[in-house]
Amino acid sequence: MSRDRGPRRLRRLDRSALIAASVTALSLTASGCVVVHGEREVLPSATRAEAAKALEQFTTAYNKADKAYDSSLDADYVTGALGDIDAARLKAGKAISPAGNAAHSPLKLSDVKFTIPKKAGWPRWFVADAAGNKYGSARWIFVFTRNGLDEPWQATYLTLALPGDVPKFKTDKDGWAEAVPANSTELALPPGDLSKAYATYLKEGGDVFEDGRHTSKWRADRAKDAKRPGLVSQFIDEPLTDGDYAPLALRTTDGGALVFFTTRYYEKQTAYAGTSVPPPGKAVEALTEGEIKQSLTMEFVSNEMALDPKGSGKVRVIGRTQGLTSAKGE
């Protein structure tokens, strides 16, 4: 079941509006007092020490939540797509094993590289690229966001990528990266349009995205699933672009951008008349409302990581992490 973030998001917006309206940073110079408006000043989103602490706090909370199958233990440190996926995973785990995760193995991250953009306004955000002790040599790519000075840093996106797929980022002389606006028209596709374009591509195809595991291969896999004997599968894809699901983009050294974005999709399985949907497994059943008879509709949240080239060209999706968030049986 998706986590209801409405009240929290409203509180964030209220606090952020208050900060934007009233908070200023004061600095004294030899000639007098200078007022700098923090919401308009272009500054690094975080110090490197703050980024390291945020990752450490997240990892500690994530491991506690995973061990206990208790989403309240890391709720303050996750949001957006990752928050939805994580909460549903823990809910299913708790339903199956109320005593906790007997197979818990702590996540350990090493060789961490932080990429922190300079920007004005909220949200502030940064990327952490780390090696993990799970899933072989894959790099764990996190995006952390914060919506106000009194808010904790929260992991919003998480994708896994092959080491060679992670691009190099453009940085200034002090090592700070460059955030690319969502409405940038200098790329093959504005970052803000990627979620909608991806949802459309999965339904209709097209030439916006390069062929690959998360594009043409996934469409082919869906086509096979739709033709399973005795069972019809239908897919509906939707963009997610608001609030904690907003796309974020970093400038790469070739002038393009690495973009993080979110989509949601539904898969409805319908059995032929006189038959029933095959048992979906305990994890799915734990997140399902209603009785599964002739149909099962599953909701997934998926976050993607894509290389958006400068000028023309095709967008390359290099990472995708998805999770079941709810289901309904009929």
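This is a predicted model: local features need pLDDT of at least 70, side-chain atom pairs count only at pLDDT 80 or more; totals for chains, interfaces and linings use all residues.
1. Let's start with Arg89: this residue is partly exposed, at 31% relative accessible area. Numbering runs from 1 along each chain as its sequence is written, and side-chain values use heavy atoms, with hydrogens and water left out.

2. Arg89 forms a salt bridge with Asp66, with the closest N and O atoms 2.7 Å apart. The criterion is a side-chain nitrogen of Lys or Arg within 4 Å of a carboxyl oxygen of Asp or Glu. This pair links distant parts of the chain, since Arg89 sits in helix α3 and Asp66 in helix α2, 23 residues apart. Asp66 counts as buried, at 7% relative accessibility. Helices here are DSSP runs of H or I with at least four residues, strands are runs of E with at least two, and both are numbered from the N terminus.

3. Now helix α3 itself (residues 80-96). Its 17 residues should span 24 Å at 1.5 Å a residue, and the end C-alpha atoms are 25 Å apart, which agrees. The expected span is 1.5 Å times one less than the number of residues.

4. How much of α3 is covered? Mostly: 12 of its 17 residues are buried, including Leu82, Ile85, Asp86 and Leu90. Among the elements covering those buried residues are α2 (48-68), β8 (154-161), β12 (257-271) and β14 (295-308).

5. On to the cores. A nonpolar core is a set of buried Ala, Val, Leu, Ile, Met, Phe, Trp, Tyr and Cys residues joined through side-chain atoms within 4.5 Å. The largest has 30 residues, and Leu194, Tyr198, Phe209 and Met298 touch the most other members. At least two residues of this core come from each of α3, α4 (194-204), β12, β14 and β15. Another core, of 19 residues, lies apart from it and includes Ala51, Ala54, Tyr62 and Trp176.

6. Phe209 is worth a click in the viewer. Leaving out residues up to four places away in sequence, Phe209 touches Leu194, Ala197, Tyr198, Tyr201, Thr215, Lys314, Val315 and Val317. Contact means heavy atoms within 4.5 Å.

7. Back to charges: the count comes to 15 salt bridges. One of them joins Asp165 and Arg316, with the closest N and O atoms 2.8 Å apart. Asp165 lies in the loop between β8 and β9 and Arg316 in strand β15, so this pair ties together parts 151 residues apart in sequence. Asp165 is buried at 15% relative accessible area, and Arg316 is partly exposed at 32%.

8. Glu291 and Lys293 also meet in a salt bridge, at 3.8 Å from N to O. Glu291 is exposed, at 54% relative accessible area, while Lys293 is partly exposed at 48%. There is a network too, linking Lys170, Glu178, Glu186 and Arg251 through salt bridges.

9. Last, a sheet. Three strands form an open one in the order β3-β5-β9, with mixed pairing; two strands pair if DSSP finds at least two bridges between them. β3 (43-44) and β9 (177-178) are the edge strands, each pairing on one side only. β5 (residues 117-119) runs parallel to β9 over 2 bridges, and Pro117 has Ala177 as its bridge partner in β9.

Note on methods
Buried means under 20% relative accessible area, exposed over 50%, partly exposed in between (1.4 Å probe, protein chains only).
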